[in-house]
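Thanks for coming. I will go through a few side-chain contacts in one model and say where each partner sits.

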Amino acid sequence: MKYLASSSYFSKRCLDLYLTKLSAGFPSPADDYIESKLDLNEHLINQPSATFFAKAEGDSMIDRGIFNGDLLVVDRSIEAKHGHIIVAAFDGGLTCKILDKKRRRLIPANKNYQPIAIIENSDFSIEGIVIHSIRSHQC
């Protein structure tokens, strides 16, 4: 997992938000009415100065909807609680896992992986809480 950039580097850019909801089943008649403008920074980022982006790598979080290549929006200002999906620095690397505060471990969201124990004196710190993931559907 690599840090990509702080959200403070991105300028405000509003895009059209259409009034009509998109059918994922049978098509509905097209509706050309624009409801408003949408700024993705406002929609995805609560605390710009405390937010960073990182790219997910691997399949250990697929059962929580985080897939290889997803862009994670991570907020450093949120206090980590039991069950949160976190980005942690652990033994020299970054990882995205579920925080188990009760048993002091990091839990993957894929049955093919084992939990990681957070033992005394391990090199461990919570870098932030994953608040959104963004997936590209391009081939």
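Let me start with a question: is Arg105 buried, partly exposed or exposed? Arg105 has 21% relative accessibility and therefore counts as partly exposed. The cut-offs are these: buried is under 20% relative accessible area, exposed is over 50%, and partly exposed is in between, with a 1.4 Å probe and protein chains only.

Before going on, the basis. This is a predicted model, in which local features need pLDDT of at least 70 and side-chain atom pairs count only at pLDDT 80 or more, while totals for chains, interfaces and linings use all residues. Residues are numbered from 1 along each chain as its sequence is written, and side-chain values use heavy atoms, with hydrogens and water left out.

Now the salt bridges. The term covers a side-chain nitrogen of Lys or Arg within 4 Å of a carboxyl oxygen of Asp or Glu. As background, side chains of opposite charge can pair when their charged atoms come close. There are 3 salt bridges in the structure.

Arg105 pairs with Asp100, at 2.9 Å between the closest N and O atoms. Asp100 is buried, at 5% relative accessible area.

Next, Asp70 and Arg135 form a salt bridge at 3.3 Å, N to O. Asp70 is in the loop between β4 (51–55) and β5 (71–75), and Arg135 is in the segment after β10, so this pair ties together parts 65 residues apart in sequence. Strands here are DSSP runs of E, at least two residues, numbered from the N terminus. Asp70 is buried at 2% relative accessibility, whereas Arg135 is partly exposed at 35%.

The remaining bridge joins Glu127 and Arg76, with the closest N and O atoms 3.4 Å apart. Glu127 belongs to strand β10 and Arg76 to the loop between β5 and β6, 51 residues apart. Glu127 is buried at 15%; Arg76 is partly exposed at 47%.

On to the rings. How many aromatic pairs does the structure hold? It holds 1. For a pair, ring centres of Phe, Tyr or Trp (its six-membered ring) lie within 6.5 Å; planes under 30 degrees apart are stacked, over 60 edge-to-face, and the rest tilted. Phe90 is in strand β6 (residues 85–90) and Phe124 in strand β10 (residues 124–134), 34 residues apart. Phe90 is buried at 15%, and Phe124 is partly exposed at 25%.

How values were computed. Helix = DSSP H or I, 4+ residues; strand = E, 2+ residues; numbered from the N terminus.
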